[in-house]
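Dear colleague,

Please read the notes with the structure open beside them.

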Amino acid sequence: MILHNLAQQLIYGLSVGATYALIALGYTMVYGTLRLINFAHGDVYMVGAVVGFYVASWVTRSGGAAWITLTVALLAAMAACAVLGYCIERFAYRPLRNRPRLVLLITAIGVSLLLENTFQLPAVFGATPRYYPQRMISSLLAPFGVLGLTRLDLLSLVLSLALVGFITWIILRTRTGLALRAVSFRFDTATLMGINTDRIISFTFVFGSALAAVAGVLNAIRYQVDPLMGIMWGLKAFIAAVLGGIGSITGALLGGLLLGMVETLLRGVFLPASYSGYADAAAFVILILILLIKPTGLLGQSTAQKV
Amino acid sequence: MTELSDRPSSRVLPAWAANFVIVLVIGTLWPVARLTASQLNPYVVQVILLIGINIVMATSLNLINGITGQFSLGHAGFAAVGAYVTGVLVNYLAAHDQLAGHEWLAMIVFLPLGGIIAAAMGLVVGIPTLRLTGDYLAIATLGFGEIIRIVITNTNRIGPLEVRGSQGLRVPVISNLFWTYLWVIICVVCVWRLVHSIKGKAFLAVREDEIAAAAMGVNTTFYKVLAFVIGAFFAGVGGGLQATGFFLIDPKGFGFMQSFLYVVMVVLGGSGSVTGVILAAIVLTWLPEQLRSLKSLHVEDLRMVTFSLLLIVMMLVRPEGLLGRRELWWTRRRLAAPSPAGNP
Amino acid sequence: MRNVLMTLLAAALFIAVGCKQQSSENSNEILIGEYGSLTGQTATFGQASHDGLELALEQLNNAGGLLGKKIRVITEDDASDATQAVNVVQKLVNSDGVVGVIGEVASKRSLAGGGICEQYHCPMLSPSSTNPDVTVENGKVKKYVFRICFIDTFQGSIDGKFASQQGWKNVAMMTNVDEDYSKGLAQSFKQEFSKSGKLAAEESYGGDTQDFKAQLSRIKQQSPEAVYVPGYYNEVGLILPQAKQVGLNVPFFGGDGWDSPLTLKLPDAQGDFYSDHYSPDDKSPESQEFVRLFQAKFHRTPDAMAVLGYDAMRVMADAIRRAGKADRDAITEALARTKDFPGASGKITIDKDHNAHKPIVILQLKNFDATLFKTFQPE
């Protein structure tokens, strides 16, 4: 029985971790190129969930089956967030690219607040949580197998791995990827080498936002949609990115999975029932430990600081 | 580096006059506060109270972020510590029917006690993060702030003291304009004096170029930790003022969102300018309240949207904040001109 | 120098604006304040309560109002947050100058708002908060806070009796540690149920929790016959489906916090039970009339929160009428003397603890509707 519980929690942990990984990828790519912590990324995740919600509701009302609804919702969310990510970079971050990092950080916070508050307006979504269409939920969240895995859990795992694989292929095998690595390594030199840094940076934002959208839709089906859903998930995904090594793609995946599992196992297995609330602190404790012991993360490379 | 050596003397008044003014202000504070509270709508009095608290929070954060250049994103955590220490102790007194007549005890003893424990937290945060800079320091402090918040959320009782954690703690309202602004004055005077002293030069040196400062013999470790400790102390006091002024405290109100708000106040006022930050605290507290009264068609949520837009525009247009690094009465001319030998 | 002058000017402006006294009372109206969760996690509470109140308001004003004047209700949204509740009640009591406040549904927010009302001597009537502390805290009755519903010592014990009557000996419990309501109800239930059965597992969760699988898995390991969830409908909406995912297929039951149209629609909730203040199947003439009017105005069946909002407005109006004047203390006294008021949710008498003794119903979800399973009379 205990072994069964452990196995179940491991599966949930992987599932949660896969979602963290999807969001963490966006953080890591942006930080890698711009050295900016994009605080608004968690809210892009939220926008994905909301767009997916509206699309899914519409498709279901027109009589769509669960899988079709999901596909359409995912594609719509990805498209919407890609555009959103591009706009944020183009209009809020690009004009400030040469300013001190603090200014960019504050702007990121401003964009985050803007998204959260705009989506709390009744005209846009409202402050009350809503659920994806019941038909979708019943179909996707039906458990199968002895461990109670759901179709959605399987899907998140597969999608995360596939998308991470895809971006890794891009990074390692395409010219865009090469350019991206160059920009991450040395921004100024890359510009001098004739790389269109603006295009590369836009690419990172667009791709990262699309991934966040996927995570948003999947999570919203599991739980609910509400304008503040991105705050905690965004923050923890960021910690996952730091854990794995900010700037490293595989680091984001590793960090996400690791964080997801540690959190779930703490909450479900290792912490006694009345202390399970402390599992939330796990992410932050891990963050501080990593920053103190190996700030560049598990898979990151140490860079010497020149005086 | 011009600002360091040519920073105009902040001696607006000779020392004895300054002290006299401070005593005078405190002396008249009690009747002024009573008068204001009785003449104004209690709702407005609450806003003025909140302004005072935000001044304390922003000024204390300014010491860490603006003056010493340590980007801390966990300030609300220190406030939480102070708030809960004060609130829990006040409730304990109230539960044993000892509170009536002894409110001054809470405001004079419990508040600084909360501050001291918060300062201890500042030590806990400041020391491990010594090696970190910039973004890493920011997220580390954010992490600490969250850990503090989560610990409080999960704490129900400490011995005989009821904490109630995530349920929220209701504390009898014993603060008023007098107590709040008394502490505002103490905080501002302390930070001001500190900044314009020899120690202040050390803080500024750490901000400008830490490695150069260390090379010049400044004990950067000591000053960085000192900034955190003093900043945390006053944040704890600010938190205590919140607990005793607003009837209900909830760990959710001390999360990184709140820390962000304080950071915005510091940046808006111009990191490093004591008066600028005070101004920013006033504006950023008062403005949302005024926007709230523009209640046409239930568009209160628009005030937060407006607020965020304002923030972004501010960063695009004037990122150095309202006053940059000057104090309220310095002019650009004074900053630019080199000072004669024998700096006053 | 210029900066200093600008600052002084701004300060002067600020003070000028702040000195504006509370809006001069429109002597043609009776102002009543309402605060509720119109948005946020428990939005259906505030919305339902508000709808009921609106219906009563319309009725009262059509019948001539109160003391020759029209009644105006100022409604404020606390967004399901206790800190917001403090703010809006402050505003209602001090800035708007209302003579009475109606609210809230959730006990935690009633506790918050009640503290403000006590401080500023304004009567507050809660339609459906059931935690005992709302009216009586540390053994002392709050002078200005009242309610027209039963309290959780009663509800918890009935839930316990219900469980043992169902033949359950081994029950698990999941409590929301953020909410006074949940903790209080859990305690009362445990006290009663322990007399005839045993709690197989006691799990807890925080208000922001979205993933309950850890707790549910642990409960499943103890193989209970049923699970008691004394929480709010938004949590139930997440807990029940996740229970199915974990493979915990036993009956779930809870308290009046389950009451919401969202719970009725939940496929995983069908067959489960919850205790509540009211069933639309109630045969009394006041109830039937209310259901008819409500359906005509809002095109849906009312739930407990709606009927209690309706009754709260009417009880408050009745108290104002008996007080004879729009004065807070007079209204407070009149509220305390409320006796046998014919409410749509039952006869309402406010006792010395400022509570009402009402019957409690157990509802069962069948075919996406709440059907009356059993009624328990007040002790």
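A salt bridge here is a side-chain nitrogen of Lys or Arg within 4 Å of a carboxyl oxygen of Asp or Glu. By that rule, the count between chain B and chain A is zero salt bridges. Please keep in mind throughout that this is a predicted model.

To stay with chain B and chain A, the contact draws on 36 residues from chain B and 44 residues from chain A, and the area buried between these two chains is about 3,700 Å², with 80% of that area given by carbon and sulfur atoms. On the chain B side, the residues that lose the most area to chain A are Asp135(B), Tyr136(B) and Ile139(B), which together make up 17% of what that side buries. Two residue pairs are in polar contact between chain B and chain A, both at pLDDT 80 or more. Helices α6 (134–153), α11 (256–269) and α13 (301–317) of chain B each supply at least two residues of the side that touches chain A, and the largest share, 12 residues, comes from α6(B). By class, that side of chain B divides into 27 nonpolar, four polar and five charged residues.

Turning to chain A and chain C, the contact takes 25 residues from chain A and 25 residues from chain C, and the buried area is about 2,100 Å², of which carbon and sulfur atoms give 49%. In chain A, Tyr12(A), Tyr131(A) and Tyr223(A) lose the most area to chain C, together 23% of what the chain A side buries. Between chain A and chain C the count of salt bridges is again zero, while four residue pairs are found in polar contact, both residues being at pLDDT 80 or more. The elements of chain A that give two or more residues to this side are α1 (2–34) and α11 (249–270), and α1(A) gives the most, with six residues. The side of chain A that touches chain C has 12 nonpolar, 11 polar and two charged residues.

Leaving aside neighbours within four places in sequence, the residues in contact with Phe252(C) include Leu216(C), Val227(C), Ile239(C), Trp258(C) and Phe273(C).

With best regards

Methods:
Residues numbered from 1 in each chain as written. Chains lettered and ligands numbered in written order. Predicted model: local features only at pLDDT ≥ 70, side-chain atom pairs only at ≥ 80, totals over all residues. Heavy atoms only, no water. Contact = heavy atoms within 4.5 Å. Buried area = accessible area lost by both parts, 1.4 Å probe. Polar contact = N/O pair within 3.5 Å; in protein donor to acceptor, adjacent residues only side chain to side chain. Helix = DSSP H or I, 4+ residues; strand = E, 2+ residues; numbered from the N terminus. Nonpolar A, V, L, I, M, F, W, Y, C, P; charged D, E, K, R; others polar.
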